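I opened this structure to look up a few local details. My notes are below, in the order I made them.

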Amino acid sequence: MGIVTRDLTEITVVGEDDTGLIAEVTSLLFERSINIEDLDQAVREGVFRMTMRVDTSEMVTTEEKLREDLTELGDGLGVDVQVRFPADRETQTIAVLVTKESHCLEALFEAWANGDLGADIEVVIGNHDDLEPLADKYDVPFHDIGDEKGTPDEDQLLDLLAQYDADLIALARYMRILSPDVVFRYESRIINVHPSLLPAFPGASAYMQAIEEGVRIAGVTAHYVTTDLDQGPIITQRAFNVPDDATEEELQQIGQPLEAEALIEAIKLHLNDEVNVHRGRTKLRDPEETSAQLGAPEKLDQLNPDRPIDGLGEFVAEDDGEIEADD
């Protein structure tokens, strides 16, 4: 999985798995002098996804005609085709998915209002309507796609995401699992924040899992969303000490501000194209040009001991003799 670069066009194909799909699409691109720079495909739960990053700088067609041709081809093949040209991403936008917890959404709105986010929040989508007043406060459209039990209507979700055409989808404590039908359409463009130091304690009730397992250090993780629950590439993490006899509520009070901080840091890195994903691990494109905090604060390194380590002990045997411990 890779991150969208600014000068490449992204084409995403999603639908039922069928033979010949890749050949049909790549042939169309070849005929229009479009060079494929990267191609990735996957199938999950019967859903096929192909993501291509292509160079359209010398194509022998217009952007509008290419969209039309790919849409027509997709209709004929029974798949959904999305095209995003570099110019489409000049003004970056975010769609935020929420449930009932407000802290991450509130932090996102504050960063946006202060000009610190680097993008506009276009829409908030929830599976409950609890946070609609917060969205109203910032004059951002809110859509409730959940039923009385909070079960989301993913068809409606896909329609809204297509309508607002956001560059990034931020899961601000959205407490539902996204299906492959959603994830595949927005590969490398969905960031979630999870209340644990992944890969430990995935899934629900992560703070309670930490208490039950007796850990001394817990934390939070912002990561890209994949079809594997809470296993996507990690972007940022924050850690904190777990007090003795801490309750789940007490850990939430410690962790929630860090959840918001890690999520915003990850969003900024993504929007600024400062991170790259290679073999499941995120890396900074230019570490010298960012002050981002990916993990624990640097001062922690200064507090940790730097010796002893293998090969640098105080005593180095220069012969076959042994050093005997004092009685």
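**Entry 1: salt bridges.** I noted that the model is a predicted one. I then looked up the salt bridges and got a count of 19. One of them joins Arg 84 and Glu 10, with the closest N and O atoms 3.9 Å apart. Arg 84 belongs to strand E4 and Glu 10 to strand E1, so this pair ties together parts 74 residues apart in sequence. I checked the cover of both: Arg 84 is buried at 6% relative accessibility, and Glu 10 is buried at 2%.

Entry 2: I looked up Asp 228 and found its side chain in a salt bridge with Arg 44, at 3.1 Å from N to O. Asp 228 sits in the loop between E10 and E11 while Arg 44 is in strand E2, so the pair ties together parts that are 184 residues apart in sequence. Asp 228 is partly exposed at 33%, and Arg 44 is partly exposed at 29%.

I also found a salt bridge between Glu 261 and Arg 238, at 2.6 Å from N to O. Here helix H8 supplies Glu 261 and strand E11 supplies Arg 238, so parts 23 residues apart in sequence are tied together.

**Entry 3: backbone.** I wrote down the background: most residues other than glycine have a negative phi, and most peptide bonds are trans. Ser 33 has a positive phi, near 60 degrees. I located Ser 33 in the loop between helix H1 and strand E2, and at 41% it counts as partly exposed. Asp 230 has a positive phi of about 55 degrees. Its loop runs between strand E10 and strand E11, and Asp 230 is buried at 10%.

Which residues does a cis peptide bond join? I found one between Leu 198 and Pro 199, with omega about 10 degrees, and one between Arg 307 and Pro 308, with omega about 5 degrees. Pro 199 is in the loop between strand E9 and helix H7. Pro 308 is in the segment after helix H9.

**Entry 4: surface.** I looked up a negative surface patch and listed its members: Asp 129, Asp 130, Glu 132, Asp 136, Asp 139 and Asp 144. Asp 144 lies in strand E7 and is partly exposed at 34%.

Notes:
Residues are numbered from 1 along each chain as its sequence is written. This is a predicted model: local features need pLDDT of at least 70, side-chain atom pairs count only at pLDDT 80 or more; totals for chains, interfaces and linings use all residues. Side-chain values use heavy atoms; hydrogens and water are left out. Patches are made of residues with over 30% relative accessible area and no salt bridge: like charges are joined within 9 Å, nonpolar side chains (Val, Leu, Ile, Met, Phe, Trp, Tyr) within 5 Å. Accessible areas come from the Shrake-Rupley method with a 1.4 Å probe; for residues, only the protein chains shown count as cover. A salt bridge is a side-chain nitrogen of Lys or Arg within 4 Å of a carboxyl oxygen of Asp or Glu. Lys and Arg count as positive and Asp and Glu as negative; His and the chain ends are not counted. The place of a charge is taken as NZ of Lys, CZ of Arg, CG of Asp or CD of Glu. Helices (H or I, at least four residues) and strands (E, at least two) are DSSP runs, numbered from the N terminus. Buried means under 20% relative accessible area, exposed over 50%, partly exposed in between (1.4 Å probe, protein chains only).
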